[in-house]
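Me: I have a structure to go through with you. Show me how to read its features.

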Amino acid sequence: MEIGEQEKLVRLLAEQENAARLLVRRDLELTRANEQLHKLDEAKSGFIMVVAHQLRTPLSGIKWTLNLLINGDVGVVPTPQKTLLMKAYESNERMIGLVNDMLDADRIDSGKMRYAPAPIQLADVLDNVLFELLPQANAKEVVVRITPTKVEVPKVHADPEKMRAVFQNLLDNAIKYSRRNGTIEVGMSPEGENAVRVWVIDTGIGIPNEQKQYIFERFFRARNAVKEETDGSGLGLFIVKNIVEKHGGRIWFKSIEGQGSTFYFTIPIV
Ligand code: ADP
């Protein structure tokens with residue numbers, strides 16, 4: 001090998017060594033940045049949990065106090081004042097719902113959501129939720145119908161509280177995004193041999209085509225929903241999808257903007 005070539009080779013080797021050292025350093029820096037991000041994420045998560053937990057006690061206190069006043073347990077309250085108290089009660093309920101959604105979303109992220117599945121009849125859960133949501137539907141003059149079942153619907157293997165949250169979110173959305181005098185239909189039937197399928201049909205504002213892909217994402221709210229109904233966190237469907245899938249089920253929807261939406265989900269049977 002000639003002297004010139006030897007020098008070139010030595011220079012190249014030195015450059016290569018430098019590049020390798022640089023790569024190791026970058027790798028180390030990236031690992032550290034990643035660890036830092038993890039720590040920040042955990043801190044954020046911890047912060048949310050603390051705030052949400054701390055909010056729960058005063059919110060329950062407010063609920064309890066308003067209940068006493070509304071029920072006349074501390075003296076008769078004239079109707080105009082009672083109407084205002086009931087408005088305060090509803091707002092407080094929304095706040096409780098939001099805090100619970102935040103806690104649930106955080107539990108999902110950290111894998112700390114606990115499930116206690118048992119053989120349950122989904123129709124019982126639905127009846128319960130419907131009873132609670134009826135005043136909300138009535139206030140909007142929205143009619144909620146239950147599709148009559150043609151064949152017997154088997155029990156499913158599911159956590160009743162989590163199923164409650166699923167029905168509550170889907171029906172709450174159906175009412176919220178319905179127009180005055182709208183109709184909602186909810187029903188269920190066996191899906192093949194191994195599951196039960198549930199549907200919630202509404203004739204509300206629908207979902208814009210170009211935004212359908214984001215509907216189950218955390219904090220996502222479609223433009224028409226933001227415009228027509230300012231109240232909402234965009235956490236509900238993220239939680240619902242997670243719960244359904246954790247049970248081994250599936251969730252999907254069909255929707256035409258301006259005409260309505262149908263949400264479906266399946267849950268495996270016992
Ligand atoms: P939000 O608190 O905004 O209702 P969700 O996670 O429950 O949050 O829903 C996410 C978004 O999906 C809503 O903001 C809305 O844009 C859309 N959406 C959900 N359900 C319906 C429905 N029944 N009709 C029309 N849009 C819906």
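Reply: Start with residue classes: Ala, Val, Leu, Ile, Met, Phe, Trp, Tyr, Cys and Pro count as nonpolar, Asp, Glu, Lys and Arg as charged, and the others, Gly among them, as polar. Here the shell around the ligand has 9 nonpolar, 7 polar and 3 charged residues. This is a predicted model: local features need pLDDT of at least 70, side-chain atom pairs count only at pLDDT 80 or more, and totals for chains, interfaces and linings use all residues. Residues are numbered from 1 along each chain as its sequence is written, and side-chain values use heavy atoms, without hydrogens and water.

Me: How many residues surround the ligand?

Reply: A residue is near a molecule if one of its heavy atoms lies within 4 Å of it. By that rule 19 residues surround the ligand, and Asn-173, Tyr-177, Asp-202, Arg-221 and Leu-237 are the closest.

Me: In what order do the strands of the open sheet lie?

Reply: Strands of a sheet pair through backbone hydrogen bonds, either parallel or antiparallel. Strands are DSSP runs (E, at least two residues), numbered from the N terminus; two pair if DSSP finds at least two bridges between them. The order is β2-β4-β5-β7-β6, with mixed pairing. β2 (143-146) and β6 (250-256) are the edges. β6 and β7 run antiparallel, joined by 7 bridges.

Technical notes
Helix = DSSP H or I, 4+ residues; strand = E, 2+ residues; numbered from the N terminus.
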